[in-house]
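This briefing goes through one chain, from its overall make-up to a single pair of packed elements. Please look at the sequence and the structure before reading on.

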Amino acid sequence: MLLGAWEAIRARRYRPDPRRRPRAALRAWLHGVAWRQVSHYRESAYVRCEILCSAPVSPADQSPVEIEGELLARAALREVAALPVGHREVLLAAAGRLSLVAWAGACGMNPNSAASRLRRARRALAEKLASPRLPAGDGTVR
């Protein structure tokens, strides 16, 4: 916007009212330029086609998406990502399509060892989720 205004001044399209103070005349002219630029932007196709809504749209066969639940799920996934690799593997295996016994067999592991690792991983995740944490950027000094 400022570059366009400068080009207009150089092309002698800026003709202030000689009765006004030069600073006030320039300020009023720049205000008008900015106002027109904003109005053109607001009327552009990109802006007109946006649809604002309070919550994300969910598929027709599902209930509406709840933002709070989504944020809690993301926080839990961050905690899972912070776990050691062995814990993550067994937790993801337990949540997957294979049974724990089938996963243990595919890894060449005793099913009892896999169940023991799953218990330890679940305990570690429960401890991480239960420990109170300050949100990032809360402004407190540690």
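What percentage of the 142 residues of the chain count as buried? The answer is 16%. The model is predicted, and the values below are computed from it.

**Make-up of the chain**
- The chain contains seven helices and zero strands.
- Read from the N terminus, its elements follow the order α-α-α-α-α-α-α.

**Contacts and surface**
- Take the contacts in the chain between residues at least 6 apart in sequence: 45% of them join residues at least 24 apart.

**Helices H6 and H7**
- Two packed helices are described by the angle between their axes and the distance between the axes.
- Helix H6 covers residues 100–107, and helix H7 covers residues 111–130.
- H6 and H7 pack at an angle of about 115°, and their axes lie 9 Å apart.
- H6 is therefore roughly perpendicular to H7, because angles of 65 to 115 degrees count as roughly perpendicular.
- The crossing in which H6 passes H7 is right-handed.

**Residues where H6 meets H7**
- From H6, the residues in the contact are Leu100, Val101, Trp103 and Ala104.
- From H7, they are Pro111, Ala114, Ala115 and Leu118.
- Which classes of residue make up the contact of H6 with H7? The contact has eight nonpolar residues, no polar residues and no charged residues.

Terms used
Residues are numbered from 1 along each chain as its sequence is written. This is a predicted model: local features need pLDDT of at least 70, side-chain atom pairs count only at pLDDT 80 or more; totals for chains, interfaces and linings use all residues. Side-chain values use heavy atoms; hydrogens and water are left out. Helices (H or I, at least four residues) and strands (E, at least two) are DSSP runs, numbered from the N terminus. Buried means under 20% relative accessible area, exposed over 50%, partly exposed in between (1.4 Å probe, protein chains only). Contact means heavy atoms within 4.5 Å. Axes are lines fitted to C-alpha atoms, for helices over the stretch in contact, and angles run from 0 to 180 degrees between N-to-C directions. Angles under 35 degrees count as roughly parallel, over 145 as roughly antiparallel, 65 to 115 as roughly perpendicular and the rest as oblique. A crossing is left-handed if the near helix is turned anticlockwise from the far one by less than a right angle, and right-handed if clockwise. Ala, Val, Leu, Ile, Met, Phe, Trp, Tyr, Cys and Pro count as nonpolar, Asp, Glu, Lys and Arg as charged, and the others, Gly among them, as polar.
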